[in-house]
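Trainee: Hi! Could you walk me through this structure in plain words?
Mentor: Happy to, let's have a look together.

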Amino acid sequence: MRKTGFVYDERYLHHDTGPNHPESPERLKAIYQGIKDADLLPKLTLIGARRAELKWIETIHSKNYIKRFEAACHSGNSTFDYPDNQICTETFETALLAVGGILDAVRLVMTGKLDNVFCAVRPPGHHAEYEGALGFCYFNNVAIAARYLQIEWGIQRVGIVDFDVHHGNGTQHIFEEDPTVFYYSIHQHPTFAFPGTGRVFETGDGEGVGMTRNYPVLPGQGDKEYQGLVERDLVPVLSAFSPEVILVSAGFDAHVDDDMSDIHLSTDGYSRLMQRIVALAALYSDGRLISVLEGGYCIKRLPELAANHIKILLNA
């Protein structure tokens, strides 16, 4: 059994998105309960939240954007940049705690205390860009973790695998000219016209050409199509890149029961997808894998999906 960490803190529930918002605190409550009910907590190293230093946020986001976000939260605004980006007075601090928990997870993996980690944090991050918030995301958690790996730990090649049903426009834009970070996204397109990015021909710019790979999946497709894309596309390109650490943007909103998409990925399909990613980490990154929660809004399915995710990490 591998040494697996679990990032969770009740302060992540303080980010209040208001009534009927899909990115609600209930998501994390369901995930925690599912892991507890599966009797997995005793097998995990629990990692609480720690406030991230602003210097790490500034490796990905501009100082002006960070100040603008902080001011919006402290002023009592209910939205930031877009109407669906609901915030409260605690949102800025919660976002810092989310990043801090993830960076602690990275540190524990890089020092050999843990092999892999699942970070059940909120707000999510992969839509957040250098200068703007989008899609419930304010700080790009995975992008900050990638830079932290490079600056603090000397990692030269970071692989990011994003299986959230919505394209991670923020992560792609941040690294699209960077040859040291490989970004792979499998997502629905079109998907309620959001975010409208992630076409096959978007492969990076400048020195980063070829370091972005997008694989849109049509509505109505599911397990068979996902498995085929992973074997045909993810396996060979990740093999060629040979990442030293793999980061996962883990979105569970491609599940057939999730109302935020039209993809029909089953619970077993999600398990097979994660098993393949874990196997690739064993081959190329000495098992070092940090998985970070993104989307996933079906409260009745999140407990089993999260528990299965943890079981796969434990048995990597």
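Trainee: Which residues in helix 5 are buried?
Mentor: In helix 5, the buried ones are Asn141, Val142, Ala143, Ile144, Ala145, Ala146, Arg147, Tyr148, Leu149 and Gln150. Buried means under 20% relative accessible area, exposed means over 50%, and partly exposed lies in between, with a 1.4 Å probe and protein chains only. Helices (H or I, at least four residues) and strands (E, at least two) are DSSP runs, numbered from the N terminus.

Trainee: Before we go on, where do these values come from?
Mentor: This is a predicted model, where local features need pLDDT of at least 70 and side-chain atom pairs count only at pLDDT 80 or more, while totals for chains, interfaces and linings use all residues. Residues are numbered from 1 along each chain as its sequence is written, and side-chain values use heavy atoms, with hydrogens and water left out.

Trainee: Back to helix 5, why is it called largely enclosed?
Mentor: Because 10 of its 13 residues are buried, helix 5 is largely enclosed by the rest of the structure.

Trainee: How many bridges do strand 6 and strand 7 pair over?
Mentor: Strand 6 (residues 158–162) and strand 7 (residues 181–188) pair over five bridges, in the parallel sense. Two strands pair if DSSP finds at least two bridges between them. Opposite Val161 you'll find Tyr184 in strand 7.

Trainee: Changing topic: where does helix 7 bend?
Mentor: Helix 7 bends at Val230, by about 35 degrees. That bend is the angle between axes fitted to the seven residues ending there and the seven starting there. Val230 is also one of the buried residues of helix 7.

Trainee: What covers those buried residues of helix 7?
Mentor: The cover includes strand 6, strand 7, strand 8, strand 9 and helix 8 (267–284).

Trainee: And how do helix 7 and helix 8 run relative to each other?
Mentor: Their axes come within 10 Å and cross at roughly 10 degrees. Helix 7 and helix 8 are therefore roughly parallel, a label for angles under 35 degrees, while over 145 is roughly antiparallel, 65 to 115 roughly perpendicular and the rest oblique. Among the residues that meet there are Tyr226 and Val230 in helix 7, and Arg272 and Leu273 in helix 8.

Trainee: Last one: what does Val99 touch?
Mentor: Val99 touches Ala52, Ile57, Phe139, Asn141 and Ile144, leaving aside residues up to four places away in sequence. Contact means heavy atoms within 4.5 Å. Val99 is in helix 4 (residues 91–110), and its 1% relative accessibility counts as buried.

Methods:
Axes fitted to C-alpha atoms, helices over the stretch in contact; angles between N-to-C directions.
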